Amino acid sequence: MRYNPIIVALDLPTAEAAVQMAAQVAPAVGAFKIGKELFTSAGPDIVKRIRATGAAVFLDLKFHDIPNTVAKAVAAAVRLDVQMLTIHTGGGSEMMRAAEKSARETALALGRPAPLVLGVTVLTSLDTQALSEVGVTDPVGKQVERLASLAAKSGLRGLVCSPLELVGLRAFLPAEMQLVTPGIRGAGDAVGDQKRTLSAPEAMQAGASWLVIGRPICAAPDPRAAAEKILATLG
Ligand code: C5P
């Protein structure tokens, strides 16, 4: 394997807890995901502290706003030195193009590789009934496909998707599209609130490029050993 596809979700309440976890597991993983809770409580400095472990940072703030505002937020994220970030595909094609352009131009000006701008399609907390309440009358699967196609046409190079969407998306997306999937659980793991899961090797076989894993690593008695064990299953 050329790269380590494990992204550890640092869903921890304080900067200290996150930095301690990152330092412990960094040698066994490829990246760390910083989400809304940690970023909002710890501030942008947390990105630098996590980057200092040597691992890549995935800033999961799911930007969704007018194109100009999203472009500026993406530029600010690139200046923080993140390697992946999320936007909502529901913001439309112009917003997605603005985000991708801003990521490329800001990175170029800084002499860094452009980060991967990942599109989020339909949140897994929404079912077909919840979609109909906001005026989307198609079933969830159809809406996921529509937004994924629009993201590819708008120049995005990656998407976040559920493990069970991988095979369907791979069937029509360009092969170079990177797919990042949460909902990863091994045979002995507590499922928690995840309803639809695959194991790490199953998800890679189904077409995932990256795996977002939180509690199976962070809540394990030995998080580093847990990450190494998952990595070993990927061959
Ligand atoms: O602890 P666990 O492995 O379930 O963590 C998965 C991570 O992926 C969490 O940060 C969660 O917010 C995120 N996520 C998810 N399902 C989605 C989108 C994001 O579990 N549909």
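Me: Which helices each supply at least two residues to the lining of the second largest pocket, and which of them gives the most?
Reply: In this predicted model, the second largest pocket holds about 320 Å³ of space and is lined by 15 residues, with Gly186, Asp189, Ala226, Lys229 and Ile230 nearest its centre. At least two lining residues come from each of helix H9 (200–206) and helix H11 (223–233). The most, 4 residues, is given by H11.

Me: How far apart are the closest N and O atoms of the salt bridge between Arg224 and Glu228?
Reply: Arg224 and Glu228 both belong to helix H11, and because they are 4 residues apart, about one helical turn separates them. Arg224 counts as partly exposed at 32% relative accessibility, and Glu228 is likewise partly exposed, with a relative accessible area of 37%. In the salt bridge between Arg224 and Glu228, the closest N and O atoms are separated by 3.0 Å.

Me: What is the volume of the largest pocket, and which element gives the largest share of its lining?
Reply: The lining of the largest pocket has 15 nonpolar, 9 polar and 11 charged residues. Strand E2 (31–35), strand E3 (56–63), strand E8 (210–213) and helix H10 (215–218) are the elements that give two or more residues to this lining. The volume of the largest pocket is about 1000 Å³, and the largest share of its lining, 3 residues, comes from E3.

Me: Which residues of the largest nonpolar core touch the most other members?
Reply: Nonpolar side chains tend to be buried together in soluble globular proteins. The largest nonpolar core here has 68 residues, and its largest share, 6 residues, comes from helix H1 (residues 15–25). Leaving out residues up to four places away in sequence, Phe32 touches residues including Ile7, Ala22, Val57 and Phe58. The members of this core that touch the most others are Leu10, Phe32, Ile50 and Ile87.

Terms used
Residues are numbered from 1 along each chain as its sequence is written. This is a predicted model: local features need pLDDT of at least 70, side-chain atom pairs count only at pLDDT 80 or more; totals for chains, interfaces and linings use all residues. Side-chain values use heavy atoms; hydrogens and water are left out. On a 1 Å grid over the protein atoms alone, a cavity is a set of points where a 1.4 Å probe fits but cannot get out, and a pocket is an open set with protein on both sides within 12 Å along at least five of seven lines; lining residues have an atom within 4 Å of a point. Grid points are joined across faces, edges and corners, and a volume is the space filled by probe spheres set on the points. Ala, Val, Leu, Ile, Met, Phe, Trp, Tyr, Cys and Pro count as nonpolar, Asp, Glu, Lys and Arg as charged, and the others, Gly among them, as polar. A nonpolar core is a set of buried Ala, Val, Leu, Ile, Met, Phe, Trp, Tyr and Cys residues joined through side-chain atoms within 4.5 Å. Buried means under 20% relative accessible area, exposed over 50%, partly exposed in between (1.4 Å probe, protein chains only). Contact means heavy atoms within 4.5 Å. A salt bridge is a side-chain nitrogen of Lys or Arg within 4 Å of a carboxyl oxygen of Asp or Glu.
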